[in-house]
Amino acid sequence: MPSVARIRVIFENGDPERVIEFDPARAPFQHDGKSGSILDVLLGHGIHLEHACGGNCACTTCHVVVKGGGDTLSASDESEDDLLDKAPGLTPTSRLGCQAVVEDPDAEIVVVIPRYTINQIVSEHGG
Amino acid sequence: MAVEHAARVARIVEHAPDTRSLFLRGPRIAFRPGQFISCLLPVGGETLIRPYSIASSPEEDDLEICLNLVPGGLGSPYLLGLPAGAEVRFTGPWGTFVLDRAPEAEAIFVADGTAIAPIRPMLRRAVATATRHPLHLLYGAAGPERLLYRAELEAMAREHTGFRFEHVPSARLRDAVAHRWVDGDADRGRRFFICGVGAIVPALRDLLRGAGYERRAVQYEKW
């Protein structure tokens with residue numbers, strides 16, 4: 001029997017919740033972000049998650065808040081932490097979707113996609 | 001979903017056989033020096049997302065992106081193959097590697113190769129808002145003939161006495177940083193803005209933070 005991991009996706013903007021069931025061993029599910037990452041799983045299952053840098057740990061647009069199952073994800077590194085430091089709406093369980101890899105084949109993960117994942121920052125000079 | 005913009009390639013400047021700037025003309029967007037746009041490229045029947053730093057300044061009409069051919073890449077051959085007049089769709093601006101004004105401390109900019117792209121508008125802003133604190137650019141490239149914007153940077157150094165510009169071979173960037181700003185003195189009040197490709201970037205970050213510079217004093221973008 002293949003493993004079944006689940007990610008429950010809650011959208012802060014009020015869109016209907018989604019639940020994705022998948023076998024982590026079948027990653028990658030598409031080509032952006034780390035293989036088996038939350039970004040990879042979501043995009044590969046038809047759920048849009050912004051990733052302006054292409055999923056290369058160079059921006060914060062794939063910021064998600066992990067509400068459950070965080071211990072089944074790969075640990076963050078200094079590069080991810082440095083970017084998260086600048087993410088709007090940072091929480092203690094924030095992660096970059098492109099970097100957080102589902103490591104447990106039976107993971108049960110809950111993520112919230114913040115309303116503002118965006119770092120489309122307008123200049124302080126009013127531009 | 002992010003707002004999409006459409007622009008035309010208004011002009012192409014060839015820096016070297018494998019390195020060009022594309023000047024994109026379309027709706028004028030506000031951005032901060034150091035930010036990038038995310039190009040949506042129709043390649044192989046799908047849309048590739050590829051980030052490119054904005055090499056121009058917010059005050060200019062066209063958005064300049066500067067890129068080189070990445071062996072085995074998909075995005076750079078597409079963009080480098082575009083003729084003048086071609087359409088480019090993108091989202092943005094994006095990114096938090098930014099500089100709005102010169103820091104209230106000595107500032108060191110480190111760029112390797114085409115990673116001068118985001119550093120260039122940051123430097124322009126820095127010299128335009130400079131106070132009494134020195135500004136340095138350490139620019140890594142295989143040889144001086146590979147430096148992009150060399151004439152502009154040299155002119156900047158002539159016109160702004162507080163700004164110094166040095167070229168070092170890319171392979172010696174780490175040693176140069178260590179020699180000048182780690183082993184050279186005990187001052188740990190400087191600010192660093194580093195951009196490059198691959199392992200050199202975290203290597204410099206770790207070197208500087210390990211030497212006692214504060215985490216937020218070492219800003220970087222790794223390509």
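User: Does B:Glu59 count as buried or exposed, and which loop holds this residue?

Analyst: In this predicted model, B:Glu59 has 11 C-beta neighbours inside 10 Å. A residue is called exposed if 12 or fewer other C-beta atoms lie within 10 Å of its own, so B:Glu59 counts as exposed.

User: What distance separates the C-alpha atoms of B:Glu59 and B:Phe31?

Analyst: Along the chain, B:Glu59 and B:Phe31 are 28 residues apart.

User: How confident is the predictor in chain B, and what ipTM does it give the complex?

Analyst: For chain B the mean pLDDT is 95, and 100% of its residues reach 70 or more. For the complex, the predictor gives a pTM of 0.92 and an ipTM of 0.88.

User: How many helices and strands does chain B have, and why is chain B described as being as compact as a globular protein of its length?

Analyst: Chain B contains 5 helices and 11 strands. For 223 residues the globule rule gives 17 Å, and the radius of gyration of chain B is close to that value, so chain B is as compact as a globular protein of that length; the radius of gyration itself is 17 Å.

User: What does the C-alpha trace of chain B span along its principal axes, and what percentage of the residues in chain B is buried?

Analyst: Along its principal axes, the C-alpha trace of chain B spans about 55 × 35 × 35 Å. Of the 223 residues in chain B, the buried ones make up 45%.

User: What share of the contacts in chain B with a separation of 6 or more comes from residues 24 or more positions apart?

Analyst: Here the contacts considered are those in chain B with a separation of 6 or more. Within that set, residues 24 or more positions apart account for 71%.

User: Which domains are assigned in chain B, and how far apart are their C-alpha centres?

Analyst: The domain assignment of chain B gives domain 1, covering 4–94, and domain 2, covering 107–222. The distance between the C-alpha centres of domain 1 of chain B and domain 2 of chain B is 24 Å.

User: How many residues does each domain of chain B bring to the contact, and which element supplies the largest share of the domain 1 side?

Analyst: The contact between these domains takes 14 residues from domain 1 of chain B and 10 residues from domain 2 of chain B. On the side of domain 1 of chain B that touches domain 2 of chain B, at least two residues each come from β1 (4–16) and β5 (63–68) of chain B. By class, that side of domain 1 of chain B has 7 nonpolar, 7 polar and no charged residues. The largest share of that side, 3 residues, comes from β5(B).

User: Which residues does B:Ile65 touch, not counting residues up to four places away in sequence?

Analyst: B:Ile65 is among the core residues that touch the most other members. Leaving aside residues up to four places away in sequence, B:Ile65 touches B:Ser21, B:Leu22, B:Leu24, B:Tyr52, B:Ile54 and B:Ala55.

User: How many residues of chain A are in contact with chain B, and how do they divide by class?

Analyst: The contact joins 20 residues of chain A with 20 residues of chain B. The residues on the chain A side divide into 6 nonpolar, 10 polar and 4 charged.

User: Where is B:Tyr149, and what is its phi?

Analyst: B:Tyr149 is placed in the loop between β8 (135–140) and α3 (150–159) of chain B. With 20 other C-beta atoms within 10 Å, B:Tyr149 is buried. Although B:Tyr149 is not a glycine, its phi is positive, at about 60 degrees.

Technical notes. Residues numbered from 1 in each chain as written. Chains lettered and ligands numbered in written order. Predicted model: local features only at pLDDT ≥ 70, side-chain atom pairs only at ≥ 80, totals over all residues. Contact = placed C-beta atoms within 7 Å. Nonpolar A, V, L, I, M, F, W, Y, C, P; charged D, E, K, R; others polar. Domains from an automatic or database assignment. Helix = DSSP H or I, 4+ residues; strand = E, 2+ residues; numbered from the N terminus. Core = buried A, V, L, I, M, F, W, Y, C linked by C-beta atoms within 7 Å. Rg over C-alpha atoms; globule rule 2.2 N^0.38 Å. pLDDT = per-residue confidence, 0-100.
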